[in-house]
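Please read the following report alongside the sequence and the coordinates.

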Amino acid sequence: MTIIENNYLKVAIRSQGGELTSIYNKAAGIEHLWQGDPNIWGWHAPNLFPVVGGLIDNELQVDGQTYPMQRHGFIRPSELKLGSETTKQHALFSLPYSDATLAVYPFKFNYQIIYDLIDNALRVTYKVVNMDTKPIWFSVGGHPAFNVPFSSTEGSAYEDYYLEFETGEKLDTHMLSADGFFTGETRHVPLDGPKLHLTRHLFDEDALVFKKLNSRQVTIKSDKHEHTLSVEFPHFNYLGIWAKPGADFVCIEPWLGCADSTSGATDISKKEGIQKLVPGHVFEAAFYVSI
């Protein structure tokens, strides 16, 4: 386990998936990250690459060929290497291409996750280096789950919390099938001013997926106390919000890319939200978690 720490936050990251396992608010004594109860949802904050969401038949299409690819890609179960330049407030994890990755994703790359503490914020940067002789196509995303209520001892309920959007929004979620594919339908999600109130039934029909947000920041708040947690995602055009029904967490998920639709699979180069990176170039996108 790798620990980075400053006066505000203590953050733990494991090598499997380069995944956050703890975001601890030192002043308030609050563990903000879901602790991965395997009986409910066994992850903490998966990193998503080279796809976001599910693929029809769990197959990735590239130039007329198909490759096996699990939901959200192959970073979650992979062992990432910790960079030698890691310091007390900075950690870099990487996964370069290999025979194993080429068997499921026929591109040469170096994928990196960089964690930096900046005062009361954790910056999470996704970096992709094209090491191939041709363009590579990919999506990236985060899937962090935050404890709600913030603390089991505070006397608050899940329903006392809400998500506050940065600017005015008309929220329309893009509907998912039972298999997790977009149906082409949308459903309006009512707000109370800038607030989306959390309820135990908010995610009964799977994640809320927003593709045309004005906001680039969402904050978890409660009327019962002053503590907050914000996720800022300036580089991400899609946002997923999800919790397993009945679980004491909410995921705020910045994405560049999304699942297939029920209309059928398509080549990776034509997937919605896909990123193209030409040979020798570097892609970077970051989001921030602040207290």
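## Backbone exceptions and an open sheet

The place of Asp 57 is in the loop between β5 and β6, where strands (E, at least two residues) and helices (H or I, at least four residues) are DSSP runs numbered from the N terminus. This is a predicted model, in which local features need pLDDT of at least 70 and side-chain atom pairs count only at pLDDT 80 or more, whereas totals for chains, interfaces and linings use all residues. Residues are numbered from 1 along each chain as its sequence is written, and side-chain values use heavy atoms, with hydrogens and water left out.

Although Asp 57 is not a glycine, its phi is positive, at about 60°. With a relative accessibility of 62%, Asp 57 counts as exposed, a term used for values over 50%, while buried means under 20% and partly exposed lies in between (relative accessible area, 1.4 Å probe, protein chains only). Asp 119, in the loop between β10 (109-118) and β11 (121-130), also has a positive phi, near 55°, and its relative accessibility of 51% places Asp 119 among the exposed residues. Most residues other than glycine have a negative phi, and most peptide bonds are trans.

| Cis peptide bond | Omega | Loop holding the proline |
|---|---|---|
| Phe 49 to Pro 50 | near 0° | Pro 50: between β5 (47-48) and β6 (59-62) |
| Val 148 to Pro 149 | about 0° | Pro 149: between β14 (145-147) and β15 (161-165) |

Turning to strand pairing, four strands form an open sheet in the order β1-β2-β3-β4, with antiparallel pairing. Its edge strands are β1 (2-5) and β4 (30-31), each of which pairs on one side only; two strands are taken to pair if DSSP finds at least two bridges between them. Between strand β2 (residues 9-13) and strand β3 (residues 20-25) the antiparallel pairing runs over five bridges, and Val 11 has Ile 23 of β3 as its bridge partner.

Leaving aside residues up to four places away in sequence, Thr 21 touches Met 1, Ala 12, Ile 13, Arg 14, Leu 33, Gln 35 and His 44, where contact means heavy atoms within 4.5 Å.
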